[in-house]
Amino acid sequence: MVSDNLKALYEKLPSAVKLVAVSKFHPVSRLMEAYEAGQRVFGENRPQELAQKVPQMPSDVEWHFIGHLQTNKLKLVLPYVSLVQSVDSFHLLEAIDKWGSDNGKTVDVLLELHLGAEETKHGFSEEEIVTILNTAGEGGSHIRIRGLMGMATNTEDKGVIEADFARIEALFQRIRAEHPELRNTFTELSIGMSGDWPIAVRHGATMVRIGTDIFGEREY
């Protein structure tokens, strides 16, 4: 049961780490099971699915967008989410800033570091992230960069996963050290999923994105 899975997770998860329930491909009925068990933060990765679910869920849900976001889909996402975790290109960063300017809203985002070995993964290089923060401060007048997001290499080798998370943790701490003006806003490190979140927590995760361990296998 969803409620039992959540209870088991919260018993293990440090209280300072935010649990983002990854609800993509699961029906609203399953999300409501989690909501009724006390879960309030949900992560979606498809704009249309997010836009359909938002009005069907209670208004106090905190929505995060965690998937690759195309610039022509911003209107399906930005009005509803409190955080875009997966900003993975300069083009997207600029488009979000323009949307914020046009709509009178400051958008909280995480910059996605391309951590894993897979070529298909999206994200910035470390050098690009450093450049963004060195040249743009908080990224733009209508963007607030809250931290970093990353996914470890898809492997059973815990040593590789450990190295991936150590790398993003080091970059996160470097940025905080080099930019004291961002200390109060650049505070989030979103790493760790169902298979590797305990390793992520050891490397300073402030958020973990967990789907299968809560909802089971995808339903559609």
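Which residues of strand E2 point one way, and which the other way? Keep that in mind as you look through these views of a predicted model, where local features need pLDDT of at least 70, side-chain atom pairs count only at pLDDT 80 or more, and totals for chains, interfaces and linings use all residues. Residues are numbered from 1 along each chain as its sequence is written, and side-chain values use heavy atoms, with hydrogens and water left out.

**View 1. The whole chain.** Nine helices and eight strands make up the secondary structure; helices (H or I, at least four residues) and strands (E, at least two) are DSSP runs, numbered from the N terminus. The chain has a radius of gyration of 17 Å, which agrees with the value near 17 Å for a compact globule of 220 residues. This radius is taken over C-alpha atoms, and the globule rule is 2.2 Å times the number of residues to the power 0.38. Of the 220 residues, 51% are buried, meaning under 20% relative accessible area with a 1.4 Å probe, protein chains only.

**View 2. The two sides of strand E2.** Here is the reply to our opening question: Val 41 and Gly 43 point one way from E2 (residues 41–44), while Phe 42 and Glu 44 point the other way. All of them are buried. In a regular strand the side chains alternate between the two faces of the sheet.

**View 3. E2 and its partners.** Strand E1 (residues 18–22) runs parallel to E2, joined by two bridges; two strands pair if DSSP finds at least two bridges between them. Val 22 has Gly 43 as its bridge partner in E2. Strand E3 (residues 62–65) also runs parallel to E2, with four bridges, and there His 64 stands opposite Gly 43.

View 4. E1, helix H2 (residues 28–36) and E2 form a right-handed β-α-β unit. E2, helix H3 (residues 47–53) and E3 form a right-handed unit too. Right-handed means that, with the strands pointing away from the viewer, the path from the first strand over the helix to the second runs clockwise.

View 5. Thr 153 is 12 residues from Phe 165 in sequence, and their C-alpha atoms are 9.7 Å apart in space.

Technical notes:
Buried < 20%, exposed > 50% of the residue type's maximum accessible area, 1.4 Å probe, protein only.
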